[in-house]
Amino acid sequence: MEKQEIMKRVLLKIKSRPDTRYISEKYLAEVIDDAICDVYNYINARSFNDLSDNLITPIKDLCIIRINLTGAEGIMSSSKAGTSETYIDDIPKAVKAKLRKYRRLP
(Lines give C-alpha, C1' and ligand atoms only; values in the text may rest on other atoms or scores of the structure.)
Protein backbone atom coordinates (compact mmCIF):
# COMPACT_ATOMS: atom_id res chain seq x y z
CA MET A 1 0.00 0.00 0.00
CA GLU A 2 1.33 3.47 -0.87
CA LYS A 3 2.31 5.87 1.91
CA GLN A 4 -0.22 8.50 0.78
CA GLU A 5 -3.04 5.95 0.85
CA ILE A 6 -2.08 4.91 4.37
CA MET A 7 -2.00 8.56 5.45
CA LYS A 8 -5.49 9.17 4.02
CA ARG A 9 -6.98 6.10 5.69
CA VAL A 10 -5.42 6.89 9.07
CA LEU A 11 -6.53 10.53 8.80
CA LEU A 12 -10.12 9.43 8.14
CA LYS A 13 -10.07 7.18 11.20
CA ILE A 14 -8.61 9.91 13.40
CA LYS A 15 -10.99 12.61 12.12
CA SER A 16 -13.96 10.38 12.94
CA ARG A 17 -13.09 10.69 16.63
CA PRO A 18 -14.90 13.56 18.39
CA ASP A 19 -11.83 14.56 20.44
CA THR A 20 -9.78 15.38 17.33
CA ARG A 21 -12.30 17.74 15.74
CA TYR A 22 -10.34 20.93 16.47
CA ILE A 23 -6.84 19.67 15.66
CA SER A 24 -5.37 21.16 12.50
CA GLU A 25 -4.97 18.86 9.51
CA LYS A 26 -1.36 20.00 9.06
CA TYR A 27 -0.48 18.83 12.58
CA LEU A 28 -2.37 15.57 12.07
CA ALA A 29 -0.50 14.96 8.80
CA GLU A 30 2.83 15.44 10.58
CA VAL A 31 1.85 13.08 13.41
CA ILE A 32 0.62 10.45 10.93
CA ASP A 33 3.80 10.73 8.85
CA ASP A 34 5.96 10.28 11.96
CA ALA A 35 3.90 7.28 13.09
CA ILE A 36 4.14 5.63 9.66
CA CYS A 37 7.91 6.10 9.64
CA ASP A 38 8.20 4.66 13.17
CA VAL A 39 6.13 1.61 12.21
CA TYR A 40 8.10 1.23 8.96
CA ASN A 41 11.37 1.21 10.91
CA TYR A 42 10.08 -1.02 13.69
CA ILE A 43 8.89 -3.79 11.37
CA ASN A 44 12.03 -3.50 9.19
CA ALA A 45 9.99 -3.02 6.03
CA ARG A 46 11.78 -2.92 2.68
CA SER A 47 9.35 -0.41 1.18
CA PHE A 48 6.10 1.29 2.08
CA ASN A 49 4.34 -1.35 -0.02
CA ASP A 50 5.19 -3.81 2.80
CA LEU A 51 2.75 -1.94 5.05
CA SER A 52 -0.54 -3.79 4.91
CA ASP A 53 -4.12 -2.84 5.80
CA ASN A 54 -3.66 -4.55 9.15
CA LEU A 55 -1.14 -1.90 10.20
CA ILE A 56 -3.65 0.95 9.91
CA THR A 57 -4.93 0.39 13.45
CA PRO A 58 -1.51 0.35 15.18
CA ILE A 59 -0.53 3.47 13.22
CA LYS A 60 -3.76 5.17 14.31
CA ASP A 61 -3.18 4.09 17.93
CA LEU A 62 0.34 5.51 17.85
CA CYS A 63 -1.01 8.78 16.44
CA ILE A 64 -3.67 9.08 19.14
CA ILE A 65 -1.07 8.43 21.84
CA ARG A 66 1.15 11.15 20.39
CA ILE A 67 -1.72 13.60 20.12
CA ASN A 68 -2.66 12.95 23.75
CA LEU A 69 0.94 13.55 24.81
CA THR A 70 1.10 16.90 23.05
CA GLY A 71 2.03 19.49 25.62
CA ALA A 72 3.52 16.91 27.98
CA GLU A 73 6.08 15.94 25.28
CA GLY A 74 6.56 12.37 26.38
CA ILE A 75 6.43 12.72 30.15
CA MET A 76 5.49 9.32 31.53
CA SER A 77 5.56 10.29 35.20
CA SER A 78 6.33 13.38 37.21
CA SER A 79 7.01 14.08 40.84
CA LYS A 80 6.60 17.66 42.05
CA ALA A 81 8.30 17.53 45.44
CA GLY A 82 11.34 15.57 44.30
CA THR A 83 11.34 17.14 40.79
CA SER A 84 11.62 13.78 39.08
CA GLU A 85 10.34 13.20 35.55
CA THR A 86 10.34 10.09 33.39
CA TYR A 87 9.95 10.34 29.63
CA ILE A 88 8.49 7.96 27.05
CA ASP A 89 11.19 7.23 24.50
CA ASP A 90 9.81 4.23 22.63
CA ILE A 91 6.70 2.83 21.01
CA PRO A 92 4.24 1.87 23.81
CA LYS A 93 3.96 -1.83 24.69
CA ALA A 94 0.36 -2.17 23.54
CA VAL A 95 1.24 -0.92 20.05
CA LYS A 96 4.42 -3.02 19.93
CA ALA A 97 2.38 -6.14 20.64
CA LYS A 98 0.23 -5.45 17.56
CA LEU A 99 3.30 -4.79 15.41
CA ARG A 100 5.37 -7.82 16.42
CA LYS A 101 3.57 -10.22 14.11
CA TYR A 102 4.50 -8.05 11.09
CA ARG A 103 8.12 -7.53 12.09
CA ARG A 104 10.81 -8.87 9.79
CA LEU A 105 13.90 -9.84 11.71
CA PRO A 106 17.25 -8.99 10.07
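At roughly what angle do the axes of helix H1 (residues 3-15) and helix H3 (residues 56-69) cross?

Author: This is a predicted model, in which local features need pLDDT of at least 70, side-chain atom pairs count only at pLDDT 80 or more, and totals for chains, interfaces and linings use all residues. Residues are numbered from 1 along each chain as its sequence is written, and side-chain values use heavy atoms, with hydrogens and water left out.

The axes of H1 and H3 cross at roughly 60° and come within 10 Å. Helices here are DSSP runs (H or I, at least four residues), numbered from the N terminus; axes are lines fitted to C-alpha atoms over the stretch in contact, with angles from 0 to 180 degrees between N-to-C directions. H1 and H3 are therefore oblique to each other, a class left over once angles under 35 degrees (roughly parallel), over 145 (roughly antiparallel) and 65 to 115 (roughly perpendicular) are set aside. On the H1 side, Ile6, Arg9, Val10, Lys13 and Ile14 make the contact (heavy atoms within 4.5 Å). H3 contributes Ile56, Thr57, Ile59, Lys60, Cys63, Ile64 and Ile67.

Helix H2 (residues 25-42) also packs on H3: their axes come within 9 Å and cross at roughly 125°. H2 and H3 are therefore oblique as well. From H2, the contact involves Tyr27, Leu28, Val31, Ile32, Asp34, Ala35, Ile36, Asp38 and Val39. Their partners on H3 are Ile59, Leu62, Cys63, Arg66 and Ile67.

Terms used
Helices (H or I, at least four residues) and strands (E, at least two) are DSSP runs, numbered from the N terminus.
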